[in-house]
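This report describes selected features of the model shown below.

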Amino acid sequence: MTKRDSVFFLSLFLFFFHGANTIIISYMPVYFQHSGMSESKIGSILAIGPLAAILAQPFWGYLSDKFGTIKKVLLVTLVGVAVVSVFLLTNSHYVFILISAAIFYVFMSPTGALGDSLAVKTAASVNKNFGSIRTWGSIGFAVSTLIVGQFFSFFGISTILIPFMFMIVIAFLTAMRVSDVKTRNKPVTVFDAMRIGKNTKFLLFLGTILFLTIPHRANDSFIGLYLTELGGNESQIGLAWFVAVSSEAVIFATSQYWFRRFNEIVFIMVAGVIYAVRWFGLAYIGGPVAVILFQVFHGVTFGVFYVAAFQYVTKLVPEHLQATGHLLFISVFFGLSGILGSLFGGLIFEKSSGATLYAVMGCLTLVGCVALLFYRIVEKRKTKTDESYA
């Protein structure tokens with residue numbers, strides 16, 4: 001198989017996997033609400049998965065680095081996702097759903113990170129930009145939100161397993177056709193992987209971006225419920241996600257033109273400021289139509305943030321441990337942030353309102369922007385000091 005063929009099948013994998021992921025992110029909370037669960041219970045279900053993911057992510061990253069393969073680990077996680085989703089999306093017992101969600105996210109969370117890690121290395125091998133490949137995941141997400149939203153409007157949200165399983169199966173078949181890439185240049189041990197935990201700069205960066213990623217994940221969990229609170233329906237939820245991820249796809253597709261003009265931290269700070277505008281706008285400008293329009297900001301928030309942060313993490317960790325580093329970054333973004341965003345977001349939503357939740361998210365994001373500014377200042381001073389001793 002040629003490298004061009006591998007890029008094609010990798011793009012298809014990203015398209016269908018993120019299409020499946022949109023069902024989990026956009027519609028699973030609405031599915032549980034339809035089943036009669038309260039917002040706080042939904043928040044706890046959404047939080048238990050990322051907790052399991054945090055514990056599992058380093059394990060999958062270590063296996064990938066240890067055995068020098070991303071593809072084989074990716075195929076294993078996809079099989080796990082398909083099997084466990086049957087139990088998660090066909091039961092109504094709260095405790096059983098909690099257990100199923102924990103196991104489900106052990107497989108689901110690393111799959112996206114492994115796919116992105118494979119995209120980074122594949123892009124480098126063919127002299128392409130990471131964003132130009134990753135954009136197909138965004139396109140898959142966007143297209144699926146519209147199609148699945150109409151599907152649920154016609155057949156009902158209770159049929160959620162059908163479109164999800166269809167897309168996961170196609171993702172598995174296309175992943176089988178992708179060429180594997182080497183993830184290491186030397187043998188990796190547990191002690192090598194543990195060294196990432198001593199990388200102060202890396203850990204400080206992960207801690208700083210929490211102020212941006214927690215509100216982002218809270219939005220992922222509750223935007224659908226907020227729309228229904230404002231009088232929206234399933235098709236409008238699909239339209240809102242379509243607008244959001246379409247703008248994200250544009251950012252990914254054009255990243256080769258705008259990226260690298262500034263330091264990655266500068267891009268992350270810009271994304272943070274726009275994040276704050278987005279959250280405050282959603283809090284104080286009500287109505288389903290306004291929510292849909294504000295989703296246009298998703299591209300210049302998540303899209304810019306993710307490209308810049310993922311590339312920055314690549315610089316912070318040794319090459320032979322990059323899969324581990326990427327998975328730790330994903331653990332913070334989609335794991336720890338998902339736990340905190342879902343738990344506290346659910347409590348705020350239930351005790352007050354969706355508007356209050358978004359106002360709190362805006363304030364937290366502004367704190368993150370200030371923290372990133374200080375991080376950037378310290379980083380520049382340290383760089384100048386290192387150069388003076390060189």
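## Cysteines, a helix and a surface patch

Cysteine 363 counts as partly exposed, at 45% relative accessibility; the class lies between buried, under 20% relative accessible area, and exposed, over 50%, with a 1.4 Å probe and protein chains only. This is a predicted model, in which local features need pLDDT of at least 70 and side-chain atom pairs pLDDT 80 or more, while totals for chains, interfaces and linings use all residues. Residues are numbered from 1 along each chain as its sequence is written, and side-chain values use heavy atoms, without hydrogens and water.

The cysteines compare as follows.

| Cysteine | Relative accessibility | Closest cysteine sulfur |
|---|---|---|
| Cysteine 363 | 45%, partly exposed | 12 Å, in cysteine 369 |
| Cysteine 369 | 12%, buried | 12 Å, in cysteine 363 |

The sulfur of cysteine 363 is too far from that of cysteine 369 for a bond. With a disulfide taken as a pair of cysteine sulfur atoms within 2.5 Å, the count is zero.

Helix H13 covers residues 298-316; helices are DSSP runs (H or I, at least four residues), numbered from the N terminus. Of its 19 residues, 17 are buried, so H13 is largely enclosed by the rest of the structure.

Helix H3 (residues 71-88) supplies four residues, the largest share of a nonpolar patch. Valine 86 belongs to H3 and is partly exposed, with a relative accessible area of 33%.

Technical notes: Helix = DSSP H or I, 4+ residues; strand = E, 2+ residues; numbered from the N terminus. Expected span 1.5 Å × (residues − 1).
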